[in-house]
Amino acid sequence: MNELMRQAARMQRKIDQAKEAARDKEIVAESAGGKVKATVTYARRVVRIEIDPELLASEVELALDGACAALNSALEQADKAMEAEVEKVTGGVKIPGMG
């Protein structure tokens with residue numbers, strides 16, 4: 001039983017290390033035909049939002065909706081990317097309470 005606990009602790013450390021190594025990687029998502037871009041990190045930190053000045057000047061509501069769509073897409077992609085980093089460590093095995 002003690003060996004199992006040690007293995008679980010080692011696996012958790014590896015997962016934590018993988019997350020730490022990947023946390024600053026970035027994902028860019030676009031919306032509104034590429035006129036709105038959102039950049040977030042794998043750790044779900046918003047880094048940048050870019051909105052085409054012409055779109056912002058002419059259609060503020062569309063620009064804001066596009067920003068929301070791009071951010072939501074980027075965050076979803078970041079979650080999936082972080083899961084993929086963890087799966088590299090766990091070999092794709094879902095371990096309850098870890099991750």
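**Entry 1: I51**

I began with I51 and found it in strand 3. A reminder to myself: this is a predicted model. Is I51 buried, partly exposed or exposed? Its relative accessibility is 25%, so I put it down as partly exposed, because buried would need a value under 20% and exposed one over 50%.

Next I looked up what I51 touches. I skipped its neighbours within four places in sequence, and the contacts I was left with are K35, V36, L56, A63 and A67. I also checked V28, which is 23 residues away from I51 in sequence. From C-alpha to C-alpha, those two are 13 Å apart in space.

**Entry 2: G34**

From I51 I went on to G34, which is 17 residues from I51 along the chain. Their C-alpha atoms are separated by 9.0 Å. Where does G34 sit? I found G34 in the loop that joins strand 1 (26-31) and strand 2 (36-41). With 28% relative accessibility, G34 counts as partly exposed.

Three of them make an open sheet, in the order 1-2-3, and they pair in an antiparallel way. From one strand to the next, the twist averages 15 degrees.

I zoomed in on one pair. Strand 1 and strand 2 run antiparallel to each other and are joined by six bridges. I looked up I27 as well, and its bridge partner in strand 2 is V40.

**Entry 3: the helices**

What lies across the sheet strands? I found helix 3 (residues 60-90) lying across strand 1, strand 2 and strand 3. Helix 3 runs at about 145 degrees to strand 1.

My last stop was helix 1 (residues 2-22) against helix 3. Two packed helices are described by the angle between their axes and the distance between the axes, so I noted both. The axes of helix 1 and helix 3 come within 9 Å and cross at roughly 145 degrees. The crossing is right-handed.

Which residues meet there? From helix 1 I listed M11, K14, I15, A18, K19 and A22, and from helix 3 M82, E85, V86, V89 and T90. Sorted by class, this contact has seven nonpolar residues, one polar and three charged.

Terms used
Residues are numbered from 1 along each chain as its sequence is written. This is a predicted model: local features need pLDDT of at least 70, side-chain atom pairs count only at pLDDT 80 or more; totals for chains, interfaces and linings use all residues. Side-chain values use heavy atoms; hydrogens and water are left out. Helices (H or I, at least four residues) and strands (E, at least two) are DSSP runs, numbered from the N terminus. Buried means under 20% relative accessible area, exposed over 50%, partly exposed in between (1.4 Å probe, protein chains only). Two strands pair if DSSP finds at least two bridges between them. Axes are lines fitted to C-alpha atoms, for helices over the stretch in contact, and angles run from 0 to 180 degrees between N-to-C directions. Contact means heavy atoms within 4.5 Å. A crossing is left-handed if the near helix is turned anticlockwise from the far one by less than a right angle, and right-handed if clockwise. Ala, Val, Leu, Ile, Met, Phe, Trp, Tyr, Cys and Pro count as nonpolar, Asp, Glu, Lys and Arg as charged, and the others, Gly among them, as polar.
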